[in-house]
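Here is a short report for a first look at this model.

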Amino acid sequence: MLRPLLFLCALIAPTGAQWSYQQTFNESSVVDISSCPITYYGQQYEQLYVNITSGNVTVCFNGFFNPETGGDCIVERSLGTESFYFQTYSNYYDYCYFYIYFNNMYLVHYISGTQPYLYSFNYISDPTEFELQVGGTTVDTVNVTAYATYYFSISGCRHSGQMYRPGTVISSDPQTCFSLTCNETAVLNTSSCGALERCQGNGICTLDTMLASTCTVTGPTVINVHGQINSIQDRCAYSLFSTPSLPDFLVLGNFRDRRRKDVSFLDSVTLRVDGHDIHLEQGGRVQLDDSTLTLSSSSQLVHGVQLSKDQTGVTAELTNLNISVFFDGDTAQIVLEGPAGSSVEGLCGNSSRSLSDLRLSEYSSTSCEMQYSETADTTIDCNSVTERCNLLKEAPFSSCNSDIDPEPYITACTNTLCKYPAVDGLNCQFLKAYARACSLHNHALDGWTSKTGCSSEAFCQDRTCSDHEFCGEKTVGGDTRCFCRAIFASKYQENNSFGDPTVCMQDSASVTLVGCLLEDKGLDYSALHLNDPTCRGQVDELTHMVTFGFNSSNSCGTVVTTNNSELIYKNTIMTQNSSSDIITRHDQVYIDFSCVQTQPDIKTATFRIRDSSVIQHITSGVWDYTLIMKAFTDAGRTQAVESSTEVQLNQKIWVELKTDGLDGDMVAVVTDSCWATDQPSPDSSPRYDLIINGCANPADQTVQVKDNGLGTSNYFSFNMFEFTGGSGEVFLHCKLHVCPKQNNCVPTCPGAARRRRSARSKYEGEAFISMAWTH
């Protein structure tokens, strides 16, 4: 049985699975493998040079085997061959392979992950040996015994013509902190100190404080590279860093309100790079334009920015610009190259421009400049706040005071916490910002977290809130959740409501509640339902808004009532009430919502009986439907009156009023009255009544009313007539209304005997009817 020499490698998936034609070679040959190139110790090749001898077989990649000049080759010792077979195979699974068979021996080349391997199968009784050579030097020797299988790696790196194993340090210089390594995945990796660092001569890089300056933005305060402070009073976006030499790069800070309307906080940081926006947001979320990025501690290159994330926050590094931006959801620190940041513009630099000049309207809301005032929080003890903030002048912080002035941080701390409650991590925010600024200048401040009761980890890490929310503590030092921003919540709190007004449509209604307002009252949206307990709210995972609604296919227990000309649809959002509950920790909640709709207008249209029908499209408020009126000559209403139909006096005519577009499960159409005149105006005289109060005129035994108030259509019949001495035309006027179907919409009609009307009924001839209906 033939056994092949097999090479397997990863490649772009072909369009289908197929074998190539098997070729037989009786002499040394060059085989094209460009459709399935292999990687041999870090070098990719697209040709095989197969050399046949009686003593051995060689497969090389950069020329036929020559023991004097060397090369990249696999050399088989002792077996030899007189011929070999070659064939390729492709399939759907992102790989292909080819094989060469000789003398009951084959090798397999394959990819595991991204690394190439070989394994050999020997199906003969004689042992053999393989030498794997790089540049003529043997780097591996494999002795293959009879009927055995061996696996061996052929991965590595090439540098300056040499091959290196994965995990090998190729060169390292502690004096310059430069190293070159062939890493575990066989990729050359270089490392050295950053643009703002210097090598200490022992292989360790530290920040060069002579070349770097730091800008800190925390709460409403910006501490620029010179230690000067600015306080943001509104909720706009401001330029933090820019420079004339880099017109396509900008760092801006977005300020928003939280629990109070009169205090703003840094809410996010945006890097504008080459026309793209990289947003660093609360919870460690990073967005590129409109897409969310998934980050880890390993750097990810995005438009020239190295992005990484750990438990302390997100870091963005622009190594070619020597700028580093860190944001933990509350504090941003921008490290800049250059003494004192002399070329820096924006709030982080020494700018003489006013705040209004640095405000960025394209990133701000239209009302961001509006100022608010609120009653002072009398629970705040400013003396205790000041004492807390002054910890920055005590050990271990004091060891850093000579390099970084603590006063701007103390001012930012006291100004904020004397006005705003020390919740949501604020008690530690300013201390943490100072400690990190010190660490950037090689001050470790050992033990500061234990002394202050703070943590170095980011507050609210990995919790994502919507735009109208911010992340805060449920209880001091406890779990976190998303809270409504004060300005957003105020419009609901003023009306003592949980959400927006009801949205009413013709056959549906919905109301949307604000998730964070429900949580403020300790309400779980999943425990709320409508009158029908199976109808529950649907939460939007992005906005955390909860929507309840009903429609024509599911009324959810909606109650429909009338008030004069209005239809009222009413439902209630309520908390789940279980008879098995032993105790209740929250009040029962009942939130009524309703839609009040004026009954639709019934427009006027002219109907000529020989035209068979008239169709009128009616729009009135949320109502949008069609009213169709047809005349028939048979009780089954299948024979419509056509233009050629002869209608005789005293012949029975059936008239159908049918609507399309009304919800037949909730409302019914009631024909209140119909009357005839010999003029188009419904107020003209003489007048003859056919339907009165929803019932046939008891004075006319020929009038019959059917299905009135049962659905969205009804019909009536009468014997054809004309007014004595009239023009021969009869105008019919009908008044209709819409009734909630849960009510009894069918008119109660008296059973008294009816009298015949006075009308011409014994003469044949054409009759014309002009029908109009009004509300």
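Which residues have the most contacts inside the largest nonpolar core? They are Phe548, Tyr569, Ile573, Leu690, Phe716 and Phe718, in a core of 49 residues. Strand S56 (residues 729–740) gives the largest share of this core, 5 residues.

| Core | Size | Residues, among them |
|---|---|---|
| Largest nonpolar core | 49 residues | Phe548, Tyr569, Ile573, Leu690, Phe716, Phe718 |

A nonpolar core is a set of buried Ala, Val, Leu, Ile, Met, Phe, Trp, Tyr and Cys residues joined through side-chain atoms within 4.5 Å. Buried means under 20% relative accessible area, exposed over 50%, and partly exposed in between (1.4 Å probe, protein chains only). Helices (H or I, at least four residues) and strands (E, at least two) are DSSP runs, numbered from the N terminus.

The model is predicted: local features need pLDDT of at least 70, side-chain atom pairs count only at pLDDT 80 or more, and totals for chains, interfaces and linings use all residues. Residues are numbered from 1 along each chain as its sequence is written, and side-chain values use heavy atoms, with hydrogens and water left out.

Now helix H6 (residues 486–493). Of its 8 residues, 6 are buried. These are Ala486, Ile487, Phe488, Ala489, Ser490 and Tyr492. Their cover includes strands S28 (249–257), S39 (480–484) and S41 (508–514), plus helix H7 (515–520).

Asn693 sits in the loop between strands S52 (687–692) and S53 (695–696). Asn693 counts as exposed because its relative accessibility is 65%. Leaving out residues up to four places away in sequence, Asn693 touches Asp672 and Pro747 (contact: heavy atoms within 4.5 Å).
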